[in-house]
Amino acid sequence: MPLSVPARARIHHLHGPSFFPSISKPKQKPIWPTLLPLNRAFGCRSLEIAVPSPSSSLPSNVGPNSWKHVDVATLSNLCVDIVLNVPQLPPPSPLQRKAFMDRLAQSPPDKKYWEAGGNCNMAIAAARLGLNCISIGHVGNEIYGKFLSDVLRDEGIGLVGMITNDDIVNSSSGSASCETLLCWVLVDPLQRHGFCSRADFCEEPILHWMSKLSSEVKMAIKNSKVLFCNGYGFDELSPGALLSAMEYAVEVGTSIFFDPGPRGKSLSTGTPDEQRALNQLLRMSDVLLLTSEEAEELTGINDPILAGQEFLKRGIRTKWVIVKMGSKGSILITASSVACAPAFKVNVIDTVGCGDSFVAAIVYGFIHNMPLVNTLAIANAVGAATAMGCGAGRNVATLENVVHILRSSNLSEDDEFWIEILEKNVVAQEITYLSNVMNGNKNRLNLVSFDKVASELLPKLELPQTVGNAPT
């Protein structure tokens with residue numbers, strides 16, 4: 001079943017159940033950065049800054065980025081999802097939709113309907129894989145902000161505030177810009193989902209007045225191996241602020257992962273600043289992640305491998321392009337090779353959060369320098385584990401469920417689909433395909449046995465990983 005990325009903003013209908021029950025947390029906890037409080041004035045809540053542990057704790061042979069003790073930082077797009085059953089989804093008129101949302105906001109729903117959303121999904125999934133994570137973003141000083149920061153802290157994720165006192169003084173948006181962003185996840189009797197937030201009704205990004213990156217944000221980027229951002233970041237940050245973060249990441253040697261998501265299409269025809277920022281992120285990111293539909297929208301090419309190759313041609317720093325093929329699986333394209341992995345057969349309950357979880361596992365494979373097909377296999381497994389639960393946030397994949405899926409070896413192979421895609425490209429590049437059969441060649445494809453891949457992945461996930469005497 002699908003490992004597709006759900007569209008979150010702009011009232012998009014999906015099918016799935018109404019309730020998001022909790023999923024148990026993994027037993028193993030990674031080593032997290034030290035957390036220090038940072039007080040913010042003007043009514044914004046106290047945030048936490050992730051401060052790396054001393055570099056002397058690692059041996060000298062762990063690689064050029066050994067001083068970067070945070071594995072991945074997410075940029076912006078922190079929100080609280082409020083999941084409610086409603087008699088009908090909001091009307092299409094923007095004014096009516098805003099009035100509908102304002103009525104909902106007047107009486108805060110019971111806390112059992114709250115869940116961490118946005119980039120929290122990716123950070124939580126990454127943390128459960130054992131990665132050191134921080135979330136760079138804004139959380140307000142109210143009940144929703146406390147909830148969100150508590151969830152991140154409980155998952156072992158550091159929180160770095162984006163807003164400086166000078167930014168707040170210069171803001172013309174009033175106290176609303178200091179509030180935690182809420183995303184209303186509305187479910188009608190037919191189990192259709194609608195998503196809306198105040199970002200949908202803003203002509204400018206919510207934090208459009210934020211003038212520069214704070215020293216704390218720069219520290220977080222500098223000490224992270226990977227900086228992840230997605231298209232929804234444009235709803236909160238100005239194109240200039242996003243470019244500043246990207247340029248600083250390049251300067252300090254932090255790899256950039258970018259997923260334009262459903263916003264990519266509108267950004268490609270947006271304001272000149274939005275188009276420039278989108279193009280720069282597409283060219284300067286080390287890793288791009290898109291659905292096959294998004295890849296076609298941004299390149300005009302309907303073949304996913306050729307579209308991926310086009311991104312590589314346009315790119316300056318681009319190393320990987322990952323194309324998510326929904327229920328079929330995923331493809332990873334580099335300058336010299338292509339890797340493909342079918343999806344897993346699982347009982348899909350809800351696809352919300354699958355794409356975010358998938359990204360977390362791609363980061364895991366990238367950081368650990370895993371073979372490409374192994375990276376896709378674990379990413380598909382993490383996405384599938386999330387699909388087996390209800391909703392996102394604390395309900396994304398657990399390590400136990402990921403391990404169970406990898407042990408099951410239950411690939412959803414569709415030879416006809418993959419042969420049709422791959423045969424037209426097999427001459428140009430080396431193509432590796434994950435299969436339930438033994439290693440070998442089939443229709444000029446390099447087949448890699450899933451049993452072999454699983455035997456390499458499972459020990460990494462089931463036991464603490466070390467380099468010398470230090471956890472990786």
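Mentor: Before we start: buried means under 20% relative accessible area, exposed over 50%, and partly exposed in between (1.4 Å probe, protein chains only). This is a predicted model, so local features need pLDDT of at least 70 and side-chain atom pairs count only at pLDDT 80 or more, while totals for chains, interfaces and linings use all residues. Residues are numbered from 1 along each chain as its sequence is written, and side-chain values use heavy atoms, with hydrogens and water left out.

Trainee: Got it. Is F257 buried or exposed?

Mentor: F257 is buried, at a relative accessible area of 0%.

Trainee: How many aromatic pairs does a search of the whole structure find?

Mentor: It turns up 7 aromatic pairs. Rings of Phe, Tyr and Trp (its six-membered ring) pair if their centres lie within 6.5 Å; planes under 30 degrees apart are stacked, over 60 edge-to-face, the rest tilted. Take W114 and Y144: their ring centres are 4.7 Å apart with planes at 45 degrees, so that pair is tilted.

Trainee: Where do W114 and Y144 lie?

Mentor: W114 is in strand β6 (residues 114-118) and Y144 in helix α3 (residues 143-154), so the pair ties together parts that are 30 residues apart in sequence. Helices (H or I, at least four residues) and strands (E, at least two) are DSSP runs, numbered from the N terminus. Both W114 and Y144 are buried. The rings of F257 and F366 have centres 5.1 Å apart and planes at 90 degrees, so that pair is edge-to-face. F257 belongs to strand β12 (residues 255-259) and F366 to helix α11, so here the parts tied together are 109 residues apart in sequence.

Trainee: Which residues form one aromatic cluster?

Mentor: W114, Y144 and F147 do.

Trainee: Switching topic: how many disulfides does the structure hold?

Mentor: 0, where a disulfide is a pair of cysteine sulfur atoms within 2.5 Å. For C183, the nearest cysteine sulfur is that of C79, 5.4 Å away. C183 is buried at 5% relative accessible area, and C229 is buried too, at 4%.

Trainee: And the largest nonpolar core, which residues have the most contacts inside it?

Mentor: I136, I221 and I362, in a core of 150 residues. Helix α12 gives the most to this core, with 10 residues. A nonpolar core is a set of buried Ala, Val, Leu, Ile, Met, Phe, Trp, Tyr and Cys residues joined through side-chain atoms within 4.5 Å.

Trainee: What does I221 touch?

Mentor: Leaving out residues up to four places away in sequence, its contacts include K68, I136, L213, Y248 and T254. Contact means heavy atoms within 4.5 Å.

Trainee: What about S224, where does that lie?

Mentor: S224 is in strand β11 (residues 224-230), and it's buried at 0%. Its side chain reaches the backbone oxygen of A220 at 2.6 Å. Beyond four places in sequence, S224 touches K68, V70, A73, I134 and T254.

Trainee: Last one: which residues in α15 are buried?

Mentor: F450, V453, A454, L457, L458 and L461. They pack against α11 (354-367), α12 (372-387), α13 (399-408), β17 (430-435) and β19 (445-449).

Methods
Polar contact = N/O pair within 3.5 Å; in protein donor to acceptor, adjacent residues only side chain to side chain.
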